[in-house]
Amino acid sequence: MIAVTGLGAVTALGGSAVETWERLLRGDRAFREISLFAADGYRSRIVGEVAGVVSRQTGGDISRTSEIGLAAAREALECAGLARDVVGTSVPWAGLRVGLVMGGSTAGMFETESILSVLIRPEGTVDPVIREQALCRMLSHPLSAPTDRLARELGPFARVRSLSSACSSGSNAIIVGAAWLELDLVDAVVCGAADALCKVTMSGFHALSALDPNGARPFDKNRKGLTLGEGAGFLVLERVEAARTRGARVICTLRGWASRSEAHHITNPDASGQAPARAIEAALTRAGFTVADIDYVNAHGTGTPLNDPMETTALARVFGDDLSRVPVSSCKGQIGHTLAAAGAIEATLTAMSIDKGEVPPTGGLVDPDPACSLHHVRTAGKRTIRAALSNSFGFGGMDSVLLFGHALAAVSANGQVPWQPARRRVVITRVATLTPAGLLDGVEVSRLPLLPPSGEAIDADVLGGLDADRARRLDRTSRIATVVARKALAGVVAEDAGVILGSAFGAVDATSAFMRRLAEKGPRLVSPADFPSLVPSSPAGHVSIYLGLKGPAMVVADLATSGECAVTHGFELVRAGEMDRAVVVAVEERSVIVEQVLSVLFGAPTSGATTARREGAAAILLSSEQAARASGSPILAEIEDVVAWAGDEANPGQRTLARPPEAGSVVVVGAPNDAVDEYIARSSWAGCPRVVCSDHAGSHEAVGGIAVAVASAMIARGEATSALCVGSARGSGYALLLREPLG
């Protein structure tokens, strides 16, 4: 069983979880006119802005998002008795393996959007003068930058992950943390999310006509939209037995969780509520609970015309007649919609509700909508809560549910048996690659052709092979990802599969163009069709929608090792039983800003790489061995072991592979660099033949995913018995051991 031992939050209501909670119960609404930038021409100037944050427009990877996240994560660690100055020992974390999982979407956008609007010149090159001004400031731009900041300030951590799934990012960070505990990869994990306000999100939601000028009113019949907020929430999770052994107080328990995709639309929810209902049912099943055990629902409750009735429908599908018994409330009418941070903040507040026996109200709710027939909470009240749900639904239909239980409630009162975790064998059943040299799948991937001397981009004819109507909203990254994922899935029925997409920088050039139009034309003329693709998680959402994949969907980012990170992430979730199958896509499109600015900052993809920078992608279909054999899928290779390390101070023991190489083993790397060479030289694999994929696939952040695809194809062809894939950058890295499938 998993214990929650630490809580931290920063919101517009307060700089701590306790202050936020106290004001939430009083019914305070934290909305005020935004002070961070001029908001002339916007549908609404009202936001949930955090007070007292020092905004720094220059200076390394420091950003408003990382400042807010750092405060919340530190509070959670102190609450759990795990802050470094609380532990009081020279041994990191008193010998515990502590992990960090952080969700987000805006990262350093507030700090970088003004310079993005003028960085690219009309002829499509970077202005050299502005480039020099941008170099330092752009350190905060990548999705992974706030995570790196927390890791540096609060670590060292044994394992670190950055992810995005739009508004369910915080909930999914908690799900990943729980999976790490069940896989015994860490002893404790601080997990959550942070997002800050910026012009991109405010103008984007303005363009979508999704903002309520008078402040959000969840479930009210006069609601007109959401109110944007900012903030951060973090929880510390650990096994109940370990927490009690070290004397930590168990605030509550995390009993169940699930993530599902609607595969419906990039912005509008599926009115049927099927995906959220499936997620709730899966969370109940994992916990071994029934709806009769649930005494409170912390709703997603955005206040938008479409979301609130959809969530009501989903709850009615699951609870039936029992729904009238269960109090339901949303905090977004008091703190605003904090986007990626919402699920983590609301998980924190749900945990406090259980611990303190109080249910907070829905701020702004005056006249409930008959289409949202729920047991609404208008004023805070005392109530014994045995278990509670926290719902989070994101752009692209990425829906996640967390189920928390009272610390003293060991089992369901209704005699249900909880799901028993088991570490499953993970196999690779299909692969595909897409480079400027062409599209390949299956064993042919091991024959990657040399790149054409002048071809730096993927052929337009290949990307044009999608259905024109269904693909009309896809940006270039999403189109590349969809093409290669479809190739890997050819002939495979995989509706239940998840989508894990690795991408280092997101749509940075498109964001630059968006900001330029905003500056030139104002918010009233910003296109609503452009904004959704600027959200970092949108490519995963587009892939799931186009291909009809309804498992978990999220994006991970780790700079030059984003490809290896994506495969590792998919491996962990399939191994932990979060899904039976996952389409892992590593993708990077050509980008002027990445090539001329970000690659200088981060050595992307590798310092010292001489191969020309290109664009490309790989798709790897992962499956549990049981599911693969049940469906009769051919198995190319098995992922026997994966190790990951975070930072130069990481525990060396985390870098040990399961076994040394055997006859016929090879090393396959995306792109060489000093860190990769050093890792291989120190390992027992130093004498094995080496394949370098950047020679054929070009140099970019997704090339590590291509390396895994090539290694799988080599094993399937009988050209190797096992393969080691290694990627490392900036002190962190991944090593994946593939072998011939057993049986």
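Helix H8 (residues 199–207) gives the most to the lining of the second largest cavity, with 3 residues. Helices here are DSSP runs of H or I with at least four residues, strands are runs of E with at least two, and both are numbered from the N terminus. The model is a predicted one, in which local features need pLDDT of at least 70 and side-chain atom pairs count only at pLDDT 80 or more, while totals for chains, interfaces and linings use all residues. Residues are numbered from 1 along each chain as its sequence is written, and side-chain values use heavy atoms, with hydrogens and water left out.

On a 1 Å grid over the protein atoms alone, a cavity is a set of points where a 1.4 Å probe fits but cannot get out; a pocket is an open set with protein on both sides within 12 Å along at least five of seven lines; and lining residues have an atom within 4 Å of a point. Grid points are joined across faces, edges and corners, and a volume is the space filled by probe spheres set on the points.

By this rule there are 8 cavities of 30 Å³ or more. The largest cavity holds about 230 Å³ of space. Its lining is made of 23 residues, and the closest to its centre are Phe-505, Gly-506, Ala-507, Leu-534 and Pro-536. This lining has 13 nonpolar, 9 polar and 1 charged residues, where Ala, Val, Leu, Ile, Met, Phe, Trp, Tyr, Cys and Pro count as nonpolar, Asp, Glu, Lys and Arg as charged, and the others, Gly among them, as polar. The second largest cavity, to which H8 contributes, has a volume of about 170 Å³. Of its 17 lining residues, Ser-105, Thr-201, Phe-531, Val-535 and Pro-536 lie nearest its centre. Here the division is 13 nonpolar, 4 polar and no charged residues.

Two or more lining residues come from each of helix H6 (145–154) and strands E5 (159–164), E22 (637–645) and E26 (732–739), and E5 gives the largest share, 4 residues. By class, this lining has 12 nonpolar, 6 polar and 9 charged residues. The second largest pocket has a volume of about 460 Å³. Among its 26 lining residues, Thr-267, Asn-268, Pro-269, Thr-304 and Phe-395 lie nearest its centre. Helix H11 (307–319) and strand E14 (387–394) each supply at least two residues of this lining, which divides into 11 nonpolar, 12 polar and 3 charged.

Phe-505, one of the residues closest to the centre of the largest cavity, also takes part in an aromatic pair. The structure holds 5 such pairs, counted when rings of Phe, Tyr and Trp (its six-membered ring) have centres within 6.5 Å; planes under 30 degrees apart count as stacked, over 60 as edge-to-face and the rest as tilted. Phe-505 and Phe-602 form a tilted pair, 6.2 Å centre to centre with 35° between the planes. The pair links distant parts of the chain, 97 residues apart: Phe-505 is in the loop between strand E18 (498–502) and H16, and Phe-602 is in helix H19.
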